[in-house]
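Me: I am new to this structure and would like to go through the terms used for it. Please set each label against its cut-off.

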Amino acid sequence: SISVNMTSLTISTMMMSLLFTTLECLPQVGAFLMPYSLNQRLHHSSSTTSLNAETTTPMVVVGDIDAALGASIALCSRDVLLGDSSDNNKQTKRRRKRPIPPPQMISYFRPPSAEEQQQQRKLSSETISSLQNALAFIGPPVDNFEDIHTTTRQFLVRVSDDAYENPILHIDLDLKDGGASTIESLSSHINSYSFLGLNINTNIVESDGVKRLSREDAIDNGNDLQTLLDGCNSASVTMDITTHLAMLQANSLPKCRGVLGETDVWTVQDIVQDGFLVDSGGAMLLEYRYDYDDPFGGCDPLLRPSKGYIVQPESAMKLNTEKLEHGNEALAAAYSAMRGYDLDPISSICIAYGVKSVFSEMGTIDDSGQYCPPPYTWNTVNKVVDYARSARQDVLVEDGASRRMYREFG
């Protein structure tokens, strides 16, 4: 183990320590990540899928440390859920006897825009330990996605003789200033990734207690997002309900033709209840069933059949706003990880909801006002598993959910 200063270390100063600490763990990581059928669910079944099978797909996370830890916790929770459904999986049982969860094949990078913010965010010794235990590699801030891909490939070649597939990519995509340069850089290298997970941040303004995204921004953001998704084979997109409804109103919500799944499925961090914007710690999927062969309204999201799949706490809770913000970062990365490894959308959102819940419940605010994420421990993983199982049994399915929210909140 490596001794660290408990109060002053940031990611940039601990990078090399993390690299050498995690190197010795990496040969064991590949066996833990396995793609699964879209039809698998979280409840106990007769599934015989083996978690021991080799996988060659790493994941790259570009964003905040909450996203990196959220993806790691989600992947470990998924293995527990699917491993528990296999009666003969002795390897899974042996793994759970380890004092800490196994590391995940995740490489983490910060975008340059986050450099100043990350330097201001001091990390506790527990958070540093979690990063060491959860991630395969922490890289420096990056200027473009070619650098991310090149650095990740070089790292993977050094630690394994196996041939790796194109990585899964999750990125916090900031569209507040247009995001044109980021989208252009990403679009140029989109084929370097097998799956793209996006967490969209837009220029929402609050006036008289109401959050709004301007029509102009909604059109620009929707068009940019459409261009990006047109170049993808498979993707997921997470956003807030304000952005989603603004794109509906501006008729700029992208049409994805199978990129988001068999139907267009969007992940939303909050919901509208009785005309009010609410984030009670839950999450939602909005599904649109388009008929691309019908030129007369076949692609109108407000006319075509749609559903909402809502997961939320059993009882309303008053949650800290800052904790929710960090929880939403973790939710988006967790959902990207689940979908990137081919878990179905509903099971994916249930696990992602569990991750958001533990970030809201177990995350703490220290004396300096800094948010500290939950630790990468079996206790955290087990709580996610419990939340996910409970959510899977109580998913609320609402026909025309987006139309209802559009009418109520508009």
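Reply: The structure holds six salt bridges. The model is a predicted one. The chain has 13 helices and 16 strands, and 55% of its 410 residues count as buried.

Me: What makes the pair of Asp79 and Arg78 a salt bridge?

Reply: A side-chain nitrogen of Lys or Arg has to lie within 4 Å of a carboxyl oxygen of Asp or Glu. The side chains of Asp79 and Arg78 meet at 2.6 Å, N to O, so the pair meets the definition. Side chains of opposite charge can pair when their charged atoms come close.

Me: Is Asp79 buried or exposed, and what about Arg78?

Reply: Buried means under 20% relative accessible area. Asp79 has 8% and is therefore buried. Arg78 has 1%, so Arg78 is buried too.

Me: Which accessibility labels do Asp399 and Lys307 get, and why?

Reply: Exposed means over 50%, and partly exposed is the range between buried and exposed. Asp399, at 58%, is therefore exposed. Lys307, at 25%, is partly exposed.

Me: Why is helix H11 called oblique to helix H12?

Reply: Helix H11 (residues 345-361) and helix H12 (residues 378-393) pack at about 130 degrees, their axes 8 Å apart. That angle makes H11 oblique to H12, because angles over 145 count as roughly antiparallel and those from 65 to 115 as roughly perpendicular, with the rest, apart from roughly parallel ones, called oblique. The crossing of H11 past H12 is right-handed.

Me: Which residues make the contact between H11 and H12?

Reply: On H11 they include Ile346, Cys350, Ile351, Tyr353 and Val358. On H12 they include Val384, Tyr387, Ala388 and Ala391. By class, the contact has 10 nonpolar, four polar and three charged residues.

Me: How do you know that Glu361 and Lys383 tie H11 to H12?

Reply: The side chains of Glu361 and Lys383 meet in a salt bridge at 3.6 Å, N to O. Glu361 lies in helix H11 and Lys383 in helix H12, so the pair joins parts that are 22 residues apart in sequence. Glu361, with a relative accessible area of 40%, is partly exposed. Lys383 is also partly exposed, at 27%. Elsewhere, salt bridges that share partners join Glu398, Arg404 and Glu408 into one network.

Me: Why is Gly282 called buried?

Reply: Its relative accessibility is 7%, and the limit for buried is under 20%. Gly282 sits in the loop between strand S11 (276-278) and strand S12 (283-288). Leaving aside neighbours within four places in sequence, Gly282 is in contact with Gln269, Val311, Gln312, Pro313, Tyr353 and Lys356. The C-alpha atoms of Gly282 and Ala352 are 9.6 Å apart, while the two residues are 70 residues apart in sequence.

Me: What is noted about the phi of Asn251 and of Asp342?

Reply: Most residues other than glycine have a negative phi. Asn251 is not a glycine, yet its phi is positive, about 55 degrees. Asp342 has a positive phi as well, near 70 degrees.

Me: Where do Asn251 and Asp342 lie, and how exposed are Asn251 and Asp342?

Reply: Asn251 is in the loop between helix H9 (241-249) and strand S9 (264-268). At 59%, Asn251 counts as exposed. Asp342 is in the loop between helix H10 (321-340) and H11. Its 37% makes Asp342 partly exposed.

How values were computed. Residues numbered from 1 in each chain as written. Predicted model: local features only at pLDDT ≥ 70, side-chain atom pairs only at ≥ 80, totals over all residues. Heavy atoms only, no water. Helix = DSSP H or I, 4+ residues; strand = E, 2+ residues; numbered from the N terminus. Buried < 20%, exposed > 50% of the residue type's maximum accessible area, 1.4 Å probe, protein only. Contact = heavy atoms within 4.5 Å. Axes fitted to C-alpha atoms, helices over the stretch in contact; angles between N-to-C directions. Parallel < 35°, antiparallel > 145°, perpendicular 65-115°, else oblique. Left-handed = near helix turned anticlockwise from the far one by under 90°. Nonpolar A, V, L, I, M, F, W, Y, C, P; charged D, E, K, R; others polar.
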